[in-house]
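I opened the notebook to go through this structure one feature at a time. These entries keep what I looked up and what came back.

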Amino acid sequence: PRSTSSGPISVDLLRKRYGPANQSSVEDWGVWAKNQKEILRSKYGQNSNSRRSSGENLLTNQNADSTYYGTIAIGTPPVSYNVVLDTGSSDLWVADSSCGSDCSGMATFNSAQSSSFTNLTTSFSITYGSGNAQGSLGKDVVQLAGFSVPNQVFAVCDVISNGLLQSPISGLMGLAWQSIASSGAEPFWQTLASSGTWDEPVMAFQISRFSNISQARTLEPGGTFTMGALNSSLYTGDVDYVNLPQDAVTYWTLPLTSLTVQGNSVSLGTGQNTYSAIDTGTTLIGGPQSAIAAIYANIPGSSPGTGDFQGYYEYPCNTNVNVTLSFGGRSWSISSADFTMTKVSGNMCIGAFFELGSSNPAWIIGDTFLKNVYSVFRYNPPSVGFADLSKTALAMNAPGGNVPTATIGSVIAVATGSGTRSN
Ligand SMILES: *[C@@H]1O[C@H](CO)[C@@H](O)[C@H](O)[C@H]1NC(C)=O
Ligand SMILES: *[C@@H]1O[C@H](CO)[C@@H](O)[C@H](O)[C@H]1NC(C)=O
Ligand SMILES: *[C@@H]1O[C@H](CO)[C@@H](O)[C@H](O)[C@H]1NC(C)=O
Ligand SMILES: *[C@@H]1O[C@H](CO)[C@@H](O)[C@H](O)[C@H]1NC(C)=O
Ligand SMILES: *[C@@H]1O[C@H](CO)[C@@H](O)[C@H](O)[C@H]1NC(C)=O
């Protein structure tokens, strides 16, 4: 609760291991890759504009071991839950205590144990790739990053498809705009921003990179999420802001105005064909088929993936791929390490850019890009800004850091990541 000061407070993020549980199985990577694609197609499908009336929700990837999450607290007394902090959706959603074996190992919400909970007895349903989750809406005190919202509407889900949630994650907090909330409720962040609770109308992410570190553990420090201010020790230079198009204050939408591969420009079209969701809850980068094909046409030896890797491309692993993106302002580079999704055979790798198919917005810009910048989501004027990461931020991309623990509420499920990667 913020009683005495309104200064910024940061939350530590955790990073789950990227990719399938068995990192040495190409088959498992194929299933994981296919899943990524289907989840995004469902999250950003053609029906996205009717989501509110249909009651379908946007949910981030729950199956992919490639998620950045933080800890919130709900109720009186407060209990802590790990949730994906997802700028690609707008609802808060946690597992119910009656969820059963699909929720083993994670904290679940027991409404009977919170004296401040109100049941709104409104049903709620989420469709997510091949699975779904259902429950009801309620309201209660929710806390994050030192901020507290007393009557936050959220969904408590008791029917959850097998595998939809992976311990120790209990749910998801949407950080996009109310206009696309399935619940219709004002998102936690927007309540704080619109009520002037924040010093500055911004929230910001610095997320870590462990995908190219062989001894990375299942859980590693994930970076920092800050609400109400920027943390000047995490970036250098100025934040380069670009305003959201006025017709697209839904996701954190920016036009992708330029993309280069090995120094060559790729043709992107105009208008809505360039609209991109800046999405912390998505691992990779999805885009229109023609643009994705054009990217790989600049990488000698690349070819379309087959089987589970359909929609992806393979390319020679020893290529140093240099992709840059611009959203109307500065140009930002994606490291060659982030361009590599996984190795599939002797010398061939799968790239992190894949064909999204029909999607609105046309592009989903996930963590593959966001690991390379400090990213700022500004309420007013609605805009997204990027800046270069500082040496302090980059130093966090190294083994040996402490995995953060909850700082508010009683912790009823503890993350136990300590295994090492097998590749
Ligand atoms: C800013 O980030 C640094 C480095 O992670 C951290 O030590 C510091 O506490 C943060 N400052 C604020 C105000 O959150
Ligand atoms: C992981 O996959 C590899 C290659 O398919 C296989 O040899 C190994 O037994 C698998 N490991 C586990 C733990 O399933
Ligand atoms: C809210 O009420 C409905 C209908 O009575 C019930 O099915 C549901 O389990 C309740 N939700 C919670 C979180 O207690
Ligand atoms: C990547 O390409 C851009 C645009 O051509 C260029 O400015 C930049 O120096 C390149 N970066 C690396 C690491 O080669
Ligand atoms: C991982 O990739 C980053 C970005 O390219 C690079 O700076 C870093 O040295 C790499 N780390 C390792 C252990 O290879």
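Predicted model: local features only at pLDDT ≥ 70, side-chain atom pairs only at ≥ 80, totals over all residues.

**Entry: Asp86**

Is Asp86 buried or exposed? Asp86 counts as buried, because its relative accessibility is 0% and the cut-off for buried is under 20%. Asp86 sits in strand β3. I then checked what its side chain reaches. The side chain of Asp86 comes to 2.9 Å from the backbone nitrogen of Gly88.

**Entry: the active-site record**

I turned to the UniProt record next. The entry is unreviewed, and under "active site" it lists Asp86 and Asp279. How far apart are their C-alpha atoms? The two residues span 194 residues in sequence, yet no two of their C-alpha atoms are more than 6.6 Å apart, so they gather at one spot.

I looked up Asp279 by itself. Asp279 is in the loop between β15 (275-278) and β16 (285-287). Its relative accessible area is 0%, so Asp279 is buried. I noted the pair together: Asp86 lies in a strand, whereas Asp279 lies in a loop.

**Entry: cis peptide bonds**

I went through the peptide bonds. The bond that joins Thr76 and Pro77 is cis, and its omega is about -5 degrees. Pro77 belongs to the loop between β2 (68-74) and β3 (79-86).

Where is Pro361? Pro361 is in the loop between β23 (353-355) and β24 (363-365).

**Entry: positive phi**

Thr121 has a phi of about 45 degrees. Thr121 is in strand β5, residues 118-128. I checked its exposure too. Thr121 counts as exposed because its relative accessible area is 67%, and exposed means over 50%.

Gln262 also came up, with a positive phi of about 50 degrees. Gln262 lies in the loop between β13 (258-261) and β14 (264-265). Its relative accessible area is 31%, so Gln262 is partly exposed.

**Entry: cavities**

I ran through the cavities. How many cavities of 30 Å³ or more does the whole structure have? The search finds 4. The largest cavity holds about 50 Å³ of space. I noted its lining, which includes Ser90, Asp91, Leu92, Gln152, Val153, Met173 and Gly174. Ser183, Ala185, Glu186, Pro187 and Phe188 are also among the lining residues. I asked which strands contribute. β7 (147-160) and β8 (171-174) each supply at least two residues of this lining.

**Entry: ligand 2**

I looked up the surroundings of ligand 2. Asn22, Ser24 and Ser25 surround ligand 2. On its own, ligand 2 has 360 Å² of accessible area, and the protein covers 28% of that.

**Entry: ligand 5**

I did likewise for ligand 5. Which residues are around ligand 5? They are Arg209, Asn212, Ser335 and Ala337. The protein covers 40% of the 360 Å² of accessible area that ligand 5 has on its own. An N or O atom in the side chain of Asn212 is 2.3 Å from an oxygen atom of ligand 5.

Technical notes:
Residues numbered from 1 in each chain as written. Chains lettered and ligands numbered in written order. Heavy atoms only, no water. Helix = DSSP H or I, 4+ residues; strand = E, 2+ residues; numbered from the N terminus. Buried < 20%, exposed > 50% of the residue type's maximum accessible area, 1.4 Å probe, protein only. Near = heavy atom within 4 Å. Areas by Shrake-Rupley, 256 points an atom, 1.4 Å probe, with all protein chains shown as cover. UniProt positions renumbered as here; feature names shortened; annotations may be inferred. Polar contact = N/O pair within 3.5 Å; in protein donor to acceptor, adjacent residues only side chain to side chain. 1 Å grid on protein atoms, 1.4 Å probe; cavity = no way out; pocket = protein on both sides within 12 Å on 5 of 7 lines; lining within 4 Å. Points joined across faces, edges and corners; volume = space filled by probe spheres on them.
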